[in-house]
Amino acid sequence: MKDVFFFLFLLAVWVVSFGVAKQAILIHNESRVDWIFRGVVYQSYLTIFGQIPAYIDGVNFNLDQCSPNGTDPYKPKCPESDSTHHQPIFPEWLTVILLCLYLLFTNILLLNLLIAMFNYTFQQVQEHTDQIWKFQRHDLIEEYQGRPPAPPPFILLSHLHLFIKRVILKIPAKRHKQLKNKLEKNEEAALLSWEIYLKENYLQNMQYQQKQRPEQKIQDISNRVDTMVDLLEMDRLKGSGSMEQRLASLEEQVAQTTRALHWIVKTLRDGGFGSDEAAPTLGPQKVLEGQDPEPDSRQKAEDLGDAHHINARHLLYPNSAVVRFPVPNEKVPWGTEFLIYDPPFYSADRKDKDLVDPMGNALDPLSKITYNAVDGPTDRRSYHGSYVVRDGLPLNPMGRTGLRGRGSLSCFGPNHTLQPVVTRWRRNQDGAICRRSIKKVLEVLVVKHALSEHWALPGGSREPGEALPRKLKQVLQKEFWPSFESLLTQGTEVYKGYVDDPRNTDNAWIETVAISIHFPDQSNVELKRLNSHLHTGDPGMSIRWQVVDKRISLYANHKAVLQKVAALFGAYY
């Protein structure tokens with residue numbers, strides 16, 4: 001309504017302005033009020049819809065349609081005219097200009113202004129429709145809460161019933177329940193939790209919409225390109241630094257060779273076969289020809305990092321709400337005193353209860369377990385030798401993890417797994433082996449679960465008496481299982497020992513044996529049979545041949561195992 005009133009106000013200003021100007025120019029000394037109103041307002045308003053006065057430009061001027069002196073009550077007073085020639089004497093050009101401007105502003109500008117105002121108001125209302133509806137619904141509920149239940153005209157019966165109860169029977173009125181203006185503490189807490197949940201959903205939707213915008217995608221691509229340029233620049237600087245070191249070493253060796261030659265010449269001049277002066281010795285070569293110092297430094301850093309497990313100390317335990325007790329690097333070894341160490345106890349409830357150890361923290365069910373030996377179908381011996389058993393529970397040989405119990409693993413102590421590393425050479429369309437930095441490129445067989453973010457080797461735990469891991473059986477047809485078992489016996493063991501896995505605890509950890517199965521020839525019969533028997537019976541499981549590279553995302557320490565396989569075949573990594 002505000003938009004309509006504002007538009008009508010502007011329209012009235014233009015109508016009256018044009019009508020007053022037109023009346024003052026055409027009609028002289030009109031004394032009749034009704035005809036003044038008709039000339040100023042009524043005729044100006046009809047002009048908007050195309051009913052233009054015939055005498056306004058003097059072309060269709062006719063004395064029979066008007067009253068010269070304004071004495072005829074049924075005709076308007078004639079415009080100013082010449083008494084002899086009976087022609088209009090008012091300025092026609094001025095009235096025509098006023099008429100054109102009037103029609104321009106009223107029919108085009110004001111009409112489009114009205115459309116724009118309505119459109120703006122509609123958008124504002126549309127944005128807050130849900131909120132306005134909720135407030136109006138609240139007002140309606142409050143109104144019905146405070147009124148008698150019967151609708152008109154039956155409301156008279158409600159009033160009659162109240163009159164009988166209060167006046168005749170004199171029944172005291174009960175306090176009417178009103179809507180709450182203030183919530184209880186538990187209700188307020190629930191409301192706040194619900195608001196926080198809605199806020200998080202809203203923020204997530206906003207972030208998702210922001211990421212889907214073309215401008216944001218372009219910005220992400222630009223950031224990635226900048227990162228790639230920075231990495232290339234760092235590689236270039238590293239290469240130039242390595243070259244400078246080699247040149248400096250070469251200069252030093254040339255200088256030492258010059259001193260040695262000088263000594264030989266001096267000795268020959270003396271005419272003897274020996275000399276009291278000690279021969280200069282060549283200094284050790286700082287950088288060998290063709291050797292890059294960068295991998296050595298990386299290897300040292302990795303060796304230092306392997307001193308303490310990292311993944312096994314992540315604060316959030318996988319697939320649970322359990323939080324580990326924080327353990328710094330210097331407190332990981334059991335021999336280091338850590339008085340405030342009080343980790344929580346957690347043993348997950350698994351479906352295969354017959355194949356796992358008891359989940360409680362009571363020691364009575366666990367006292368039957370025999371550690372550092374073969375305990376029935378379970379081999380509890382560690383590849384690292386005997387481990388310590390304290391208070392009836394084994395201790396992780398790599399140190400503290402911040403969590404006691406079995407976690408989500410099957411048994412206390414070492415949980416043995418098998419990791420088959422199946423590789424082949426990557427080839428181009430011509431069948432030639434691809435190379436990077438002169439080294440051959442490998443491809444490895446990896447699997448991925450739909451709920452996981454990382455690819456992994458097709459290995460894991462084995463059922464008692466089985467030779468193949470469960471994960472491998474999920475992607476390999478049963479007809480090929482015996483052939484793959486023979487391939488495992490012919491494979492090369494590349495690693496055997498502790499696995500830095502996020503599922504490890506103080507009392508349960510994973511140890512694995514990694515066996516390399518390599519197919520050097522693309523026409524190998526077993527490789528063709530393997531590819532033909534690969535399948536994903538589980539729709540949530542994916543399998544593929546992945547190029548071996550240090551940048552691929554692999555689970556836990558599978559990347560370290562893959563690096564050992566690449567080093568075994570002298571391949572690129």
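Q: Between which helix and which strand does the loop with Asn319 lie?
A: This is a predicted model, in which local features need pLDDT of at least 70, side-chain atom pairs count only at pLDDT 80 or more, and totals for chains, interfaces and linings use all residues. Residues are numbered from 1 along each chain as its sequence is written, and side-chain values use heavy atoms, with hydrogens and water left out. Helices (H or I, at least four residues) and strands (E, at least two) are DSSP runs, numbered from the N terminus. On that numbering, the loop holding Asn319 runs between helix H8 (293–305) and strand E1 (345–347).

Q: What is the phi of Asn319, and is the residue buried or exposed?
A: Most residues other than glycine have a negative phi. Asn319 is not a glycine, yet its phi is positive, at about 55 degrees. Buried means under 20% relative accessible area, exposed over 50% and partly exposed in between (1.4 Å probe, protein chains only). With a relative accessible area of 83%, Asn319 is exposed.

Q: What is the relative accessible area of Asn372?
A: Asn372 also has a positive phi of about 55 degrees without being a glycine. Its loop lies between helix H9 (363–366) and strand E2 (374–375). Asn372 is partly exposed, and its relative accessible area is 29%.

Q: How are H2 and H3 oriented to each other?
A: Axes are lines fitted to C-alpha atoms, for helices over the stretch in contact, and angles run from 0 to 180 degrees between N-to-C directions. Helix H2 (residues 33–48) packs on helix H3 (residues 92–127) at about 65 degrees, with the axes 10 Å apart. Angles under 35 degrees count as roughly parallel, over 145 as roughly antiparallel, 65 to 115 as roughly perpendicular and the rest as oblique. H2 and H3 are therefore roughly perpendicular.

Q: How are H1 and H2 oriented to each other?
A: Helix H1 (residues 2–26) and H2 pack with their axes 8 Å apart. The angle between them is about 125 degrees, so H1 and H2 are oblique.

Q: Which residues of H2 meet H1?
A: Contact means heavy atoms within 4.5 Å. On the H1 side it involves Leu11, Val15, Val16, Phe18, Gly19, Val20, Lys22 and Gln23. The H2 residues are Trp35, Ile36, Gly39, Val40, Val41, Gln43, Ser44, Tyr45 and Ile48.

Q: How many of the 573 residues count as buried, as a percentage?
A: The chain comes to 13 helices and 14 strands. Of its 573 residues, the share that counts as buried is 29%.
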